[in-house]
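Please read the briefing below alongside the sequence and the structure, which are shown next.

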Amino acid sequence: MPTSFLLALPNFLTCFGFNSCLLSSDLRFLGLELPAYLLILGFVDLRSLRARVLIPDLLVLGSPAPAGKPHSTGSLERIQLSGMYNVRKGKMQLPVNRWTRRQVILCGTCLIVSSVKDSMTGKMHVLPLIGGKVEEVKKHQHCLAFSSSGPQSQTYYICFDTFTEYLRWLRQVSKVASQRISSVDLSCCSLEHLPANLFYSQDLTHLNLKQNFLRQIPSLPAARGLNELQRFTKLKSLNLSNNHLGDFPLAVCNIPTLTELNVSCNALRAVPAAVGVMHNLQTFLLDGNFLQSLPAELESMHQLSYLGLSFNEFTDIPEVLEKLTAVDKLCMSGNCMETLRLQALRKMPHIKHVDLRLNVIRKLIADEVDFLQHVTQLDLRDNKLGDLDAMIFNNIEVLHCERNQLVTLRICGYFLKALYASSNELVQLDVYPIPNYLSYMDISRNRLESVPEWVCESRKLEVLDIGHNQICELPARLFCNSSLRKLLAGHNQLTRLPERLERTLVEVLDVQHNQLLELPPSLLMKADSLRFLNASANKLETLPPATLSEETSSILQELYLTNNNLTDKCVPLLTGHPHLKILHMAYNRLQSFPASKMAKLEELEEVDISGNKLKAIPTTIMNCRRMHTVIAHSNCIEVFPEVMQLPEMKCVDLSCNELSEVTLPENLPPKLQELDLTGNPRLTLDHKTLELLNNIRCFKIDQPSAGDASGAPAVWSHGYTEASGVKNKLCVAALSVNNFCDNREALYGVFDGDRNVEVPYLLQCTMSDILAEELQKTKHEEEYMVNTFIVMQRKLGTAGQKLGGAAVLCHIKHDPVDPGGSFTLTSANVGKCQTVLCRNGKPLPLSRSYSMSCEEELKRIKQHKAIITEDGKVNGVTESTRILGYTFLHPSVVPRPHVQSVTLTPQDEFFILGSKGLWDSLSIEEAVEAVRNVPDALAAAKKLCTLAQSYGCHDSISAVVVQLNVTEDSFCCCELSASGAVPPPSPGIFPSSVNMVIKDRPSDGLGVPSSSSGMASEISSEISTSEMSSEVGSTASDEPPSGALNESSPAYPSEQRCMLHAVCLSNSFQRQLSSATFSSAFSDNGLDSDDEEPIEGVFINGSRVEVEVDIHCSRAKEKERQQSLLQVPPEASDEGIVISANEDEPGLPRKADFSAVGTIGRRRANGSVAPQERSHNVIEVATDAPLRKPGGYFAAPAQPDPDDQFIIPPELEEEVKEIMKHHQEQQQQQQQPQLQQQPPQRQYPVDQLPDYYDTPL
């Protein structure tokens, strides 16, 4: 590349808004964007570039930048689209122009096309798009023509590979081409001074320079400083917000045409008197500075209609506002006003709207002021008011006083239209006279015990929210209000509703979380307009009828009755609502749903009947042709319903049931996105079914796994669930690593991206690895957790992710150095994802939600001069002040988490991790109480999700429930076994009689607490049918004799094991299958030739290669090597080892109880991923082991290989048994002195030895 181009490179870059630093030896800083852009231009080696242009001090990519300089996120923010496409230049008719594959980039307002095939070398063709056009080329598929404007216009034809890319480029370039030449947007470009090419056109009318690094620097050349802004004589709008000005730019005062000026968030401490010459200025934004006063010269701005003074340091209303008669809104939120003097407002009759949010106002001083008739809107949210008498505002129309400390409130009601007074401590609310114009009133989250009498007399009241109070009764006259359309009375103490109801026009009625035993008999007959009814979380046992005849006038569309005591008697009453679309009846006492009743609900679209005792879903659900969601988990359903024949079906959840098989039609519903079959231990799937289900975007099924092979109790087990929100977008993700950091720890997490899908996925895939790295550096809980979040913040920026998300991580660890140590649970969170621990049945919060309601956070936000909009968001972006991502909001929004550590005790039952949607719908007390008696972690997580959805949550929800079984002996006692200090046995989470089937067990589940009952294999289209069939396809197995692990069997009676490590059977192989289980039609026994030696740790068994995995601690392993016991392998089982503990009937075969499931580490199509945990299998180094054949297989009992068996002739069989029995007796005699020194423990009589040593003959 010619040196002349390199020397002209700075000017070239500034044309497109990049860092415009000169490439000179005396300038040591270059933003990270420049090296990245140089790479795109073809400079692969930036050091060689430095040598070619003789700039010894040029910083290369990755070098640290000095403090105070712009920091880049590591990606080009100006690059919008890029890719390799077929490109043709010039007219389509000319034969000399041919299609070639080129790199194409849409950067800022220009189209950049590489000149040669290798896109990283050669020059780049630049096509300005402003004022140009983009057209569709019909002769070629997915082809667009890009043309520049002017007499020297050029045209490029680009053919895209897919229709999606074609549409994306068409929309984006059309926006750029439609921009006006007179408008320039150079925001967020890391500019330190004005680019030279900006002044090529003197006709600019709109210039946006916000969020750069511009400042008043005298050393800059005159042509590059802010003083040159006065050259734009036609400029009307100038945005200089969020820069580093420090001082007011006087040059803007010399632009006579300026009508809008924004200098917010520039650390200004004074406004010069020279601003008075801007007579045409109409909008003047000074928000987010350090102003304490205004110059009197502002009164000459006669056309000024909007003056923004929010988030400054004002302690009183500036007197100059009395002269600005065109200003009708006082915008002074976020200042330091402690007292509101109404006398100052009286001198401003032109002010109609007063915004004083987020001050520290404690009282209003009237000073014998008459009525303030000009104020119509008053906003006093988030102050310190204890009482408010607003009668002086006799013409008030809208009053905001949320989140104060109000106990009493008095308002003038002549013209009152809307009242917002939620989140106070109100016990008395007086409005006089009766507000005849009041249409909206929100007095929720107070301490009202009754509805004020004047509310029933308000003639135009449409929406009334009285939720979260202490109201015991609703007046009957309230329902007679002809204008009332929406009544929200949830979370009160209502025991009944008015019995006699006349015709009411209420359309939405919410009475959830009360103490209602029944609904009024005439409610559904009199409420002809009722469309929505939520009566969840009450004590209802039946429903009122909709009609007394066969004809009905009900238009009810949504009915929520979750968490009541409804029985089968209420189901026939549902037929009186033929227009019902959404029905939630989860967690009631339903045992059946009559088919004839379901057939009449033809318009039903979504049904949730989870948590009942249903054994089947009626086949007449086929009549509901619009049905798209069926949720029926946690029932007793044995037969797979015929929901797959419904054409609109999208989501089916039949988890935690008793399904044994799945019957599917030949073609699945075209819109089916999710099928959840986890928690069905008896379910078996054949090859055809798996092949059909493999096409579903998100298919969840149990992955057979087992807990500790010894039958020892697990310290933790978990279950999780996720549910999509609006527009079927899953914007949450869950993380579960049962065997984190070498099988001694666990890690769980929940991530919430609000309405962003990518951020939760990025957090889920990355944070566990970051935490593992940080644990290598420090063991201090708060330090490694804080570092994890900070490193994650940097990685989000490196990935070019501008948005952010909430996160909560819970880390369980045990110090292996300290044998007597206990488990420690450390929780860290940002945003509204939180953790709560159940201790002694009471909730113990381990997280904190940082938002504007936190006093210290609000103080910090004000110090950094961020703007909090009226919806309570920082700069209108996020409600949380501590959250991952949103780097452009730093330092107002930071990623530093709240960290809390607790030592787990036997009183700790479980803990819950939840996303924002869960905790917005359920309190921590209710969540703990709801799942405390649910034995299965997966069912518990499902219940939380269902309750939140029935209570009104429409966001994405994620919940993780981790059940704990921490006992007094939950510490490693392997080192104490020699001395005889043995802890007593502790109960496990498994029932007394349980079969744990280890089949293709994941390598990361060895010798650790059992994996979750809620983890599911999510089978996407990426997983072949053969892979899935090898994991769940067969149930054939040769079970060993029933007493294999009976309590009476001798298993190292002198060597006690802790619940952290497995117990090794002294008289049998402790064999476990790896997740890498191979199959082939003709086994080579794991060897490439007969001359090679078998791989250590690999057992050859017919068509299987099984891996011996050591699941013992090192000391126990050493002790095991010192013992010379005769070991005979049991019969080979194709399913792995089937361990039966405490069996009552040894002779009968047992059904497999998959008490633990795992998750395949594959990305889901909905953006969520369950990461595959680390593998420590010996098979990773067994390079000679045969590879899995791609064709797939069904597991079948392997044929015994004579070379693999220990064959005993029949005539010697009895003799061998006697020898083995005699050998064990000698062992017990040798160990008897040690046993006498130990505490009493369970003995293992010789006559109860299992018949486990029978060898295959």
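Of the 1257 residues in the protein chain, 56% are buried, where buried means under 20% relative accessible area with a 1.4 Å probe and protein chains only. This is a predicted model, in which local features need pLDDT of at least 70 and side-chain atom pairs count only at pLDDT 80 or more, while totals for chains, interfaces and linings use all residues. Residues are numbered from 1 along each chain as its sequence is written, and side-chain values use heavy atoms, with hydrogens and water left out.

**Whole chain**
- The protein chain has 21 helices and 53 strands, taken as DSSP runs (helices H or I, at least four residues; strands E, at least two) and numbered from the N terminus.
- Among contacts in the protein chain with a separation of 6 or more, 54% join residues 24 or more positions apart, a contact being heavy atoms within 4.5 Å.

**Helices α13 and α14**
- Helix α13 (residues 758-777) packs against helix α14 (residues 781-798) at an angle of about 135°, with the axes 9 Å apart; axes are lines fitted to C-alpha atoms over the stretch in contact, and angles run from 0 to 180 degrees between N-to-C directions.
- α13 and α14 are therefore oblique to each other, as angles under 35 degrees count as roughly parallel, over 145 as roughly antiparallel, 65 to 115 as roughly perpendicular and the rest as oblique.
- The residues making this contact include L762, L763 and T766 of α13 and Y784, M785 and N787 of α14.

**Residue N394**
- N394 lies in the loop between β19 (387-390) and β20 (398-400), and N394 counts as buried because its relative accessibility is 12%.
- Not counting residues up to four places away in sequence, N394 touches F371, L372, Q373, C412, Y414 and F415.

Definitions and conventions. Buried < 20%, exposed > 50% of the residue type's maximum accessible area, 1.4 Å probe, protein only.
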